[in-house]
Amino acid sequence: MSSARESKYISIPDGLDNERGDAALARLLGLSRSVVVDLMEAGEVTLSGKNLGKSDRVHAGDMVEILMPEAKAPPSLQPTPAEGMTVVYDDEDVIVIDKPVGIAAHPSPGWKGATVIGAIVAAGYNVSTSGAAERQGIVHRLDVGTSGLTVVAKNEKAYTSLKQQFRERSVDKIYHAMVQGHMDPSEGTIDAPIDRHPREDYRFAVVADGKPSITHYTALEFFPAVSLLEIELETGRTHQIRVHFSALRHPLVGDATYGADHTISQRLEISRPWLHAHKLSFTHPASAERLHFESPYPADLTRSLEILATHGPRN
């Protein structure tokens with residue numbers, strides 16, 4: 001027999017003034033955005049007696065009533081051995097991982113595969129207990145379809161330090177990406193706000209009232225129909241690189257979600273977005289030493305470059 005569900009009243013703080021309702025409540029309640037959207041669509045979230053929609057804006061001082069979902073036991077952190085995941089650096093405070101494609105950062109609803117955090121636990125490493133139970137030690141994430149470098153905190157001091165460095169944008173994150181077409185200009189900055197797509201919740205988009213999002217890029221090489229770019233993120237929004245270049249009509253090769261041409265993807269034998277977290281630099285939480293790491297391209301990205309090399313670069 002299910003337990004009674006509780007109504008909860010939430011006052012919107014100043015810091016979330018004019019936020020989308022689903023985003024604001026997810027942060028305030030500690031629930032996933034999808035759970036909040038389900039509650040809204042079921043008519044279980046109201047403001048001033050009216051149903052609150054997921055894209056409706058909330059304002060400081062608004063009092064929102066939510067019929068809370070039934071409490072569930074928190075997910076346990078399960079070991080998930082991951083083939084191909086490499087430990088680049090490890091000490092008492094941090095562990096730096098070179099993540100292969102096909103591995104998620106942490107468990108999430110609907111994901112049944114291996115995770116970075118699960119693989120670390122399976123290999124016998126300790127991680128910080130800070131953060132949600134399923135995200136212990138995770139201070140930043142790479143998409144399942146993105147390969148490359150990521151850092152995980154092994155204790156609470158390291159977790160706090162790294163989270164602060166990411167907030168202050170003092171962590172250097174350099175990506176390499178292959179985009180369709182030739183970037184013109186060959187280097188520049190994309191400053192365009194990002195939020196969830198207004199009609200398709202599974203992806204993101206450049207929207208006028210989204211969160212500030214800044215991407216710097218430099219073209220490394222031009223090939224027939226594609227450009228190899230070096231990208232530095234100033235902000236770290238979900239899917240930021242993929243969204244920004246798609247908005248410029250230069251989607252990442254292999255990124256079907258954001259408009260990639262499947263014929264180019266097939267020709268280059270790429271079945272995921274051509275995106276690699278190539279370099280990572282941060283200040284060590286204990287020693288204050290600046291650490292720098294670099295990851296080589298994995299086999300699928302190297303293969304696509306070999307195919308392009310047979311046609312010769314176009315400068």
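**Briefing: contacts, burial and salt bridges**

Ser 281 touches Ser 170, Val 171, Asp 172, Arg 290, Leu 291 and His 292, leaving aside residues up to four places away in sequence; contact means heavy atoms within 4.5 Å. The model is predicted: local features need pLDDT of at least 70, side-chain atom pairs count only at pLDDT 80 or more, and totals for chains, interfaces and linings use all residues. Residues are numbered from 1 along each chain as its sequence is written, and side-chain values use heavy atoms, without hydrogens and water.

**Burial**
- Ser 281 sits in strand β14 (residues 275-283). Helices (H or I, at least four residues) and strands (E, at least two) are DSSP runs, numbered from the N terminus.
- Ser 281 counts as buried, at 9% relative accessibility. Buried means under 20% relative accessible area, exposed over 50%, partly exposed in between (1.4 Å probe, protein chains only).
- Helix α5 (residues 240-247) is largely enclosed by the rest of the structure, because six of its eight residues are buried.

**Salt bridges**
- The whole structure holds 11 salt bridges. Each is a side-chain nitrogen of Lys or Arg within 4 Å of a carboxyl oxygen of Asp or Glu.
- Asp 22 and Arg 20 pair at 2.9 Å, N to O. Both residues are buried.
- Arg 303 bridges to Glu 269, with the closest N and O atoms 3.2 Å apart. The pair links distant parts of the chain, 34 residues apart.
- Arg 303 is partly exposed at 38% relative accessibility, and Glu 269 is partly exposed at 46%.
- Asp 143, Arg 242 and Asp 255 form a salt-bridge network. Arg 242 is one of the buried residues of α5.
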